[in-house]
Amino acid sequence: MNKENISIIILAAGKGSRMKSPKAKVLHTISGKPMLYHIIKASQEISNDISVVVAHQKELVIEQMSALFEDVNFVVQDAENFPGTGGAMKNVAPKNKKVLVLNGDMPLITADALQGFLDTDADVIMSIFDLKDPSGYGRVIIKDEQVQYIVEQKDANEVELKTTTVNAGIYSFSKEVIEKYIPLLSNDNAQEEYYLTDVIAMAKADGLKIAPLLVDEEHFKGVNSKKDLSDSEEIMQERIKTRWMNAGVIMQLPSTIYIESTVAFEGECIVENGCRICGETLIKESHIKSGSVIEDSIVKNSDVGPLAHLRPASYIEDTHIGNFVEVKKSSLKGVKAGHLSYLGDSQIDEGTNIGAGTITCNYDGVKKYKTIIGKNVFVGSDTQLIAPVTIENDVMIAAGSTIPSGTITSGNLALSRTKLRTIKDYFYKHFGKK
Ligand code: UD1
Ligand code: CA
């Protein structure tokens with residue numbers, strides 16, 4: 001079905017009280033992006049007319065989503081007078097004849113998984129799945145292979161509660177069905193809310209055909225609690241990692257690795273156990289060793305870790321980064337930084353060796369300053385570089401030196417060390433001789 005013929009409405013106005021969080025539910029993140037982001041992203045693949053219904057923390061939701069997407073309409077729900085998923089539908093005005101309605105708390109949805117709604121032509125299509133533990137979901141009552149109605153857990157009687165067929169929370173309606181039945185919803189139920197799900201029974205009573213579409217929990221799982229959030233995170237992580245392993249990335253103990261949806265790999269890469277790779281990161285032909293954290297950085301033809309931390313805006317190429325090295329907003333090309341260092345706001349060139357314990361002192365408590373290190377520089381262990389500082393090519397810095405702001409010229413040795421004093425037999429004077 002053509003993109004132009006489908007409208008999508010995403011319900012994202014609820015509080016999400018069961019999350020027990022000051023943050024609106026749809027803004028909680030899965031693999032680095034708000035749940036709502038994943039749903040809009042999938043929706044964009046099948047429709048050009050996407051509306052998101054907002055109310056709770058609407059300014060924040062609109063701000064965050066507008067920063068990520070251009071063509072999304074926002075509709076404000078009058079949640080005070082018309083609470084509930086049916087209330088959320090009161091002000092929507094879809095452009096097209098076929099309208100998909102998605103709950104905003106289903107971050108695992110994909111365009112492929114929604115295909116079933118597009119292939120079937122019925123006035124109402126609703127998604128169902130069978131669960132061993134149906135708690136939290138609306139139960140779908142089916143008689144003679146026909147959907148009769150949906151009853152919410154809080155309104156269900158004992159027999160209905162035992163039903164394991166549940167409403168997955170995605171529907172396809174014709175525009176006429178929405179226009180006709182949404183105004184007729186009532187809030188005469190346990191939660192005193194307007195339930196979108198009541199449209200099913202009303203349409204059925206008028207003789208419309210309700211087509212049930214069997215879907216899988218892996219794509220249609222709803223997130224109501226923080227436990228659901230972590231369960232969905234696991235499914236999303238599995239999906240992301242499987243995709244990259246199929247693309248040629250080697251992962252050791254992948255269940256211990258966290259990779260956000262925005263990360264990309266090229267060529268053969270190895271990611272060892274316990275790594276966390278976030279944001280807009282690109283890793284090309286590199287080896288990321290155990291326990292390393294990489295955020296919004298580019299790593300090419302390098303090895304990083306174990307236990308290294310690349311913070312945002314690091315560019316690492318042909319470089320060795322060893323254990324306990326932290327890099328931030330720096331570019332390292334052809335460098336060795338093997339142990340225990342902080343390299344911030346720096347630019348370090350080919351053939352340079354950064355000794356253990358080297359610190360770029362990039363912050364004076366007010367502003368940040370740059371450290372520039374040229375080619376073939378030997379930085380001795382335990383060096384402090386007080387930025388702004390430039391070390392030209394072919395410089396040697398003696399271990400233990402504090403290099404003040406300024407420039408060290410090519411060919412020189414920089415050495416700042418107090419002269420060694422030894423005081424004869426002081427040990428015995430202090431501790432006594434045994
Ligand atoms: C809903 C369904 C339930 C289904 C389940 C699937 C109803 C009445 N129940 O229940 O049958 O099994 O989804 O996951 O629809 N929302 C608004 N405005 C509101 C209230 C909610 O926009 O006033 C949005 C929420 O932000 C959320 C979505 O609607 O994204 C679903 O709301 P939620 O409260 O999670 O519904 P469930 O109780 O899970
Ligand atoms: Ca829900």
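The side chains of Asp105 and Lys25 are joined by a polar contact of 2.9 Å (a pair of N or O atoms within 3.5 Å; within protein, one must be able to donate a hydrogen and the other to accept it, and residues adjacent in sequence count only if both atoms are side-chain atoms). This is a predicted model, where local features need pLDDT of at least 70 and side-chain atom pairs count only at pLDDT 80 or more, while totals for chains, interfaces and linings use all residues. Residues are numbered from 1 along each chain, chains are lettered from A and ligands numbered from 1 in the order written, and side-chain values use heavy atoms, with hydrogens and water left out.

- Asp105 sits in the loop between β6 (98–103) and α3 (111–119) and Asn224 in the loop between α7 (217–220) and α8, so the pair ties together parts 119 residues apart in sequence (helices are DSSP runs of H or I with at least four residues, strands are E runs of at least two, numbered from the N terminus).
- Asp105 is buried at 10% relative accessible area, and Asn224 also counts as buried, at 15% (buried is under 20%, exposed over 50%, partly exposed in between, with a 1.4 Å probe and protein chains only).

**Largest pocket**

- The largest pocket holds about 1500 Å³ of space (on a 1 Å grid over the protein atoms alone, a pocket is an open set of points where a 1.4 Å probe fits, with protein on both sides within 12 Å along at least five of seven lines; lining residues have an atom within 4 Å of a point).
- Its lining has 46 residues, and Arg18, Lys25, Thr85, Asp105 and Asn224 are the closest to the centre.
- Strand β10 (residues 165–174) gives the most to this lining, four residues.

**Second largest pocket**

- This one has a volume of about 400 Å³.
- It is lined by 15 residues, with His38, Thr110, Met236, Arg239 and Ser261 nearest its centre.
- α1 (35–44) and α8 (226–246) are the elements that give two or more residues to that lining.

Key: Points joined across faces, edges and corners; volume = space filled by probe spheres on them.
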